[in-house]
Structures are given as structure tokens and as C-alpha cells.
Amino acid sequence: MAEQSTTVLVSCTPLADGQNRGQSCLLEIAGKDGGTIRLLLDCGWTAPYDVHVLEERYGDVYTEGGEGRRIDGILISHPDQEHMGGLAYLIHKKKWQVPVYVTGAGHKMGQMVAYDAYLNAYQSSARVTPFDLDDVDAAFREMTQLRYRQEVSLCEDRVHVTPYPAGRLVGGAIWKIHVGEHDIVYAVDYNHKRELHLMGSAMMDVSSMLTVSCTRPAMLITDACSVDRVPVPVQYSKNQQELINLCMTCLRSEGNVLIPVDAAGRVLEILLLLNTYWREKNLTYPLAAVGPMIHTTLEFARSQLEWMNEELTKGLGHSRMDNPLALKCVTPCASIKEVKQLSRGPKVVLATTNSMDDGASRTLFSWWASQRNSAIVIALDPEKGTFADEVLRASRAPRGAPPAVLRMSVCKRVPLKGEELEEYKKQQASKEDAEQMDVPMEEVEEEEEEAGDDNAKKNTRERKSLHTPQAPTRESVTVIDHAARDGAEVGHVDAFPAMPGDEDDDLHGDDNVCLVEGFEVPIGVAAPMFPDEDEMEKIEYDDYGAVVNLEDFDKDTSGGGVLSRALASEAAAERYAVEEGDEMDDIVEPEVPTKIESKDVAIQLLAQVVRLDFDGRSDGASVQTMLSKIAPRTCVIVHGSETATSKLASSLVKDLEGLNAHVFAPHKGESISIDLGPARSSIMSDSLYKSIQMHPMLDVDLGWVDAEMKFESRAADVDGSDEGKGEYSIVLEERQGNTNDSGHGGVFIGDVKLSQLKRALARINIGSEFHAGGLYCEGDVLVKRQPEGGGLVIEGSLCDEYFRIRDIVYSQYHIC
């Protein structure tokens, strides 16, 4: 008998509101053989990055301590803030110790997106992000990077997770979670259609993902964000042409085009489209991409071709410029300042962020929105409440209504000046003095306790106010001269003026200060190891033949000589020196203090605002068709508007009727528990196997199985234990009275295209033509496809041509 697996209990809890961005859900898997496995599917968090929202969403998911709630792993589906925005804050700030799994390309692109989010908010917004660049680095440093179809085991091999292509974004993944004998598929925001830079998702062939082929997934976790989208094949090509036409219309009328985009996702698709058109038409209009991380993003994209469309690699040569993502017609700009340096005149600019809440897109909008000959293209679906959403709603005013007036604040970061700069310096100096006083004072107290005599105590007390060594200045530097002429002690250099209480100090000890880095005065030397002034007067040329001007080495304290300037520079460097023992290369110049200046403006919206769909998600009809063909035993819809979720759930209930499937659409925080049941293997009797007639198809054999299913109870396991007692096995036996001719007819396997059939008919000299979606053949025979993905239908009078054409149609299928 086949070995039985234990019952698997699965609980799925959406953590985010379906109306807003920031996807995440908690998957809990419990079995009788062990504890509960908890996986976090995505960890989204988007602007304005409200910490209260994050605490409410994930506060009860993970807690530290022996009795705290743990998370065994986080699976990231897409490299954007909507799916991984909360990682930087939770992992570094909240000290989450959780393994994170992401694809290799998703790791690089996701890091660029997080950098861009922080830098845009820092440079052009009064809003401060709760995370910084150090948090981002710390979070991404701990991630585990996987290739597509690379399996990794979790929880002592109890769970196996594997990423598959999802489309839409570079490195996007559909996750297969295998536990026991069950497969759980997590697929959100996927795109089944091939694009300019990406292949289609693996949703077109889910059976290849499953552990046991030709089976149904035990659970499918998906979203309903794409239900209301129009069919992709028609609309997407239409959007491409509309974008090009709009850009050329505005450019020829001396207007500008602004396209707010994301940092490292869909921007690549739009850039490829426009760059191809610019190159083919030899256009000279400036085409720019603006973002603080755009240079690094494009460089990473050029090295990630193995994650993209295979068509991109066909033109790849030995030269760097042969890379299809070299984008020779695109000028990357890291800031608005670089945009100003572009040639004057009309231009097309793709700028971050797509929400226009901050970044270069907000600044450019304030410049161009009041120009009638300019255009604003909303290429990505704006989140509700963002400025892009406000602009889109304002542009939909009734015809004849006056132009909308938008009030907005434009922020920019400027350096401090005048009194503000002086006040900042005073505050910093006070902080530095306070920090310097802490540690030295403790050391002084310890020294005072160790010193037993009053003189030591007196000296240490006098040094309290002089705990920090003075940096060498031009006034404090003593000119080194001959020891014999000045009567100085051998090896003795007075670097600083004498301090109170230092009369009895031994300057030959550890407190001796050396003016030249790396040089110490050796004991017993007769004179300082420097050229004599008298000898220097005789030198006319240096070692390189240059004329020596002694005035450059004067002792003037006004700071005009080379020596004076060198000493001043050295003194300034010493003032910023780090702790003793650090290398000088590690010294970082202090940043110029800055502040955010905000200006409120009222802008009359005269520019044309156009919404073109470049989100890269599958259309609603395709989503419903794919989910119906996958036919999961349980489908959970975790994200999407209430209307879209209800529409998709109703459609699946209808399509999966009779397949014993369950469809759930839980709300935020609502847990759905499903008993996947034990996964059992069936046993086929020898007599049944011998009665099956197999038919070869490609590299497999197919055959009809007409049998009776019986259940046989298990008394105990083979080893004598009672673990399997009470369970049963499934046995397939030959049905009584069964014959090979069971009357079930033939089965046509395969998907034949009419274009393939036309070529097959031409090979035997049968003419055919396409008309109105059908193939009209000789002898008045029509071959057409049934609606809704059905098979082929042959219509015509019964004649020799009809049967010849029918035989050709049959030959295109595998029949058993």
C-alpha cells in the first residue's frame, strides 16, 4: 500500500487593505508531524511611509523572545515598494531576524528602488522617510538570492519554495510552495504576455511548476487588481502607438512631454520603446530619464539580460554599445540640474517618482503643467491619494469647464547660509565639546585615583580643561634649527607652547608630539634631519630641474607662502582627524549643512493629461481564463478593490463548478483556514495496467483508464508501528465487464492554429484563404475555431474534398 501523508492545515491572512498599495499576507502551514510554519508573502509599504500603518500591519506578526511569534521566511514577488517597501525598516530598525528570499535581479532592482525612494524624499520633500540608506543596505545584505526554478528548503526540509517568472518587472517571481504532497502557488501582479524587455509569466503553464505533473494546485493565492483591464493584445499595441504619436505632436508644436515613472521597473519598457523609435527615425529631440539612481539602474539592467526577453540577446555583440539596453538615444540625468543642461527646446523626460509626490517629476510638472502645448502622460496606475491621482481626476473635468487650478508645494534642498549656518556651527561645536568631555573626564578620574601624591592630582586637575591636544598652527610651530646653535637638548622639539603644569613633564615620553607624520626624532641624533638653511640658500634647482624660489619657503605668518599654506592645510586636516590609530584615508569631509525650502504655488492645468496603460499586468479576461484552466482546489483572493474581488470570485465559482473547488476573498486581518487533507497515492492493479492501450504523443504515452476505485484500510505500517492505523489507501482495479472498446471515442490532444493548417493544406495542393476569422478551402469547405478557446469545426458538403481536408485536420492532432 502507498504511504500516507499527514493532514495539512493551511491558514491565509491578508495583512493589507485591498484598496491601498502595499501587498502582504501571512501563510501559516500546520501539520501533525510538527509545529506551524509561518511565511510572509511580500512585505509592502509605500509613501508616505506611515510608521503607524506598518506597526498595525506587522506588529502582531513577529515578536522577539523565546515565546514570541516567529516568521520562518519572507518571499518577495516583485522588486518595488508595493511588495518589499517595509523590509528596510523592519529588518534594521525593528531588528527582525528573518530569512528573506528574492530573485537575483529582483535583489538589485529592489535596492535601486529603495535608494530612489529615500533620496527623492530627502532632496525634494519635507517628508522624512523612517528609513535611510544604511537601513536599506543592512536589509538587502541579508537576503538570499535565487535563480528562476531554483528550489530552496526551509524548516528542516519540511517546506520547499521555488521562484518562477512572473513578468511585469525584472526579477518578478511567482512562488511555488511545496509542503508534504501539496503545492501552493502564490501569484500576484503577473503578466502572461511577452513584452519588449520581458518574457511572459509561468502562469501560462502552471502544470510544469507542480511537483506532480498534470495535477491541480492545492491552493492558489492571487489578486484581483487586473480584473477590470481591457484585453492586452489590442490595448497594449494601441498604447504604444498613442504614446509615440502624442510625443511627436507635442515636440513638433514646441512642447514638452513629462512621463512620471518608477525607479527600476516599468521605466525600462517605456525607455526601450522610445529609444527604438528615436533610433529608427534619427530624431534629435532630447530624450532623458531623470532619477537619483538612474545611472546605476541602467548599468544593472545591462547586466541582467538573462532575466529578460530572449529577443534582446540576439543583437548582443562584443562592444559595450551593442547591448540592447545601451539606450544610445537616452540621456540619463541624476538631478534637475542636469536636465537644465540639456539643449534648449522641446524634450521628452521620464522622471521619478510616478506618484509625483516628490522627485524630479513633481518639479517638472510645476514647470510644464501650465503650457498648452505640453503633455503629462500618466503611464502607471496612480495610487489613490497621491498627487498623480489628483492630477488625473482634475483632467477629467467636463468639456467646457474652466481649466482646473492645482495647489501644490514645491520643495528643494539648499545649503544653509548666514545666521542659520552660524547657528548650525555653534550647535555642532557644542555637541562635539560635550562628546569630547565625556570620555577624557572618566580617564582623568581614574588617573587621579591611581596617583597618590598631590602633585599628580594637581597636574591632572589642570589638564581637565586642556584634555584635547591643540592642533598645530602657524603660530605654535617652532622652527627646527641646529641644536648646537640654539642650545636645545638633543632630540627635543617644542611643538606647542608650554602649558601650565607641564614644567616637569618629560617631553621624550609618550606625550611628545611629532610635527611630521611618520617621523620621530631618534634618540642621540646630533641635529634635526632637515636641510640647513645655509645649504638651502646655495640650492638653485631641485631634483627635477625646477628653479627653487626661497621666497616660497619664508617664515611669514601672513599665510602667503607655500610653507604657510601647507602648514595651515595640515592643521585643518588634523582638526578633522578621527580617533588615534585610524588611517588618514578614512577621514570623511563633513557634509555641507542643508535645509528644505518649500514654496506653495497655484498651477493652472493647461497641459494635456493622458492616461496610457503601461502597468504591465495581464488583462481581466486573460486572468479569468488562466485561473479557470489552472482549476485550483482552493483559490484565495488577497488583494484588489471590493468590486474587482467580487467579480473575480463570482467568475471562478461559476467556471469551477463541479470540480469541488473553493473560492475565498477574505478581508484585511481575516484568516481563512483550509484543510488540504492527506495527499494519497493510488495503486493500479496489474490487470488494469495490462488492459490499457497506450498511444505515443511526443515523448510520453497516453491511454484511457476505465477503472473502479476502492478504499482499503491500513492496519499498521510496515515497521509495525501504529502511526498509519485507521487510514486507508486508494486502489484502482479493472471494472467488471470492461472491454477495450468502451465507447468513449477519440480524444484530440493539442492546439492547432489555422495558419499551420493552411500550410499543411498547401503541401497537398489544396488552396485556402482566410476570411472573417475562418479558413475557406476548396470544395466550399470552411474550417473555423469555436468561440471561447474551443476546438476546430469543419463545415461543408460531404464530398471528396471534405474528407481529404478532415484527414489533414486530424493529422494535426494527437488522437488516442
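This is a predicted model: local features need pLDDT of at least 70, side-chain atom pairs count only at pLDDT 80 or more; totals for chains, interfaces and linings use all residues.
**Entry 1: helix H10**

I started with helix H10 (residues 360–368) and how covered it is: eight of its nine residues are buried, where buried means under 20% relative accessible area, exposed over 50% and partly exposed in between, with a 1.4 Å probe and protein chains only. The buried ones are Ala360, Ser361, Arg362, Thr363, Leu364, Phe365, Ser366 and Trp368. Residues are numbered from 1 along each chain as its sequence is written, and side-chain values use heavy atoms, with hydrogens and water left out.

Helix and strand labels are DSSP runs numbered from the N terminus (helices H or I, at least four residues; strands E, at least two).

What does H10 lie across? I find S12, S13, S15 and strand S16 (375–378), with H10 running at about 150 degrees to S12. Angles run from 0 to 180 degrees between N-to-C directions, on axes fitted to C-alpha atoms, for helices over the stretch in contact.

**Entry 2: the sheet**

Next I traced the sheet: six strands, open, parallel, in the order S14-S13-S15-S12-S16-S19. Two strands pair if DSSP finds at least two bridges between them. On average, neighbouring strands are turned by 20 degrees against each other, direction ignored.

I then checked S13 (residues 287–290), which is joined to S14 by three bridges. Ala288 has Thr331 of S14 as its bridge partner. Helix H7 (residues 267–281) packs on this sheet too, touching S12 (257–260), S13 and S15 (348–351); contact means heavy atoms within 4.5 Å. The direction of H7 makes about 165 degrees with that of S15.

**Entry 3: a pocket and a cavity**

I looked up the second largest pocket, with a volume of about 980 Å³. My grid is 1 Å over the protein atoms alone: a cavity is a set of points where a 1.4 Å probe fits but cannot get out, a pocket is an open set with protein on both sides within 12 Å along at least five of seven lines, and lining residues have an atom within 4 Å of a point. Points are joined across faces, edges and corners, and a volume is the space filled by probe spheres set on them.

Of the 46 lining residues, Thr46, Ala47, Gln81, Ser355 and Glu383 are closest to the pocket's centre. H4 (104–124) gives the largest share of the lining, four residues. The lining has 15 nonpolar, 12 polar and 19 charged residues; Ala, Val, Leu, Ile, Met, Phe, Trp, Tyr, Cys and Pro count as nonpolar, Asp, Glu, Lys and Arg as charged, the others, Gly among them, as polar.

The second largest cavity has a volume of about 60 Å³. Among its 13 lining residues, Ala263, Val290, Gly291, Ile294 and Thr352 lie nearest its centre.

Ala47, from the pocket list, is joined to Pro48 by a cis peptide bond, omega about 10 degrees. Thr352, from the cavity list, has a cis bond to Thr353, omega about 5 degrees. Thr353 sits in the loop between S15 and H10.

I also noted Asn282, which is not a glycine but has a positive phi of about 55 degrees. Asn282 is in the loop between H7 and S13. Why does Asn282 count as exposed? Because its relative accessibility is 64%.
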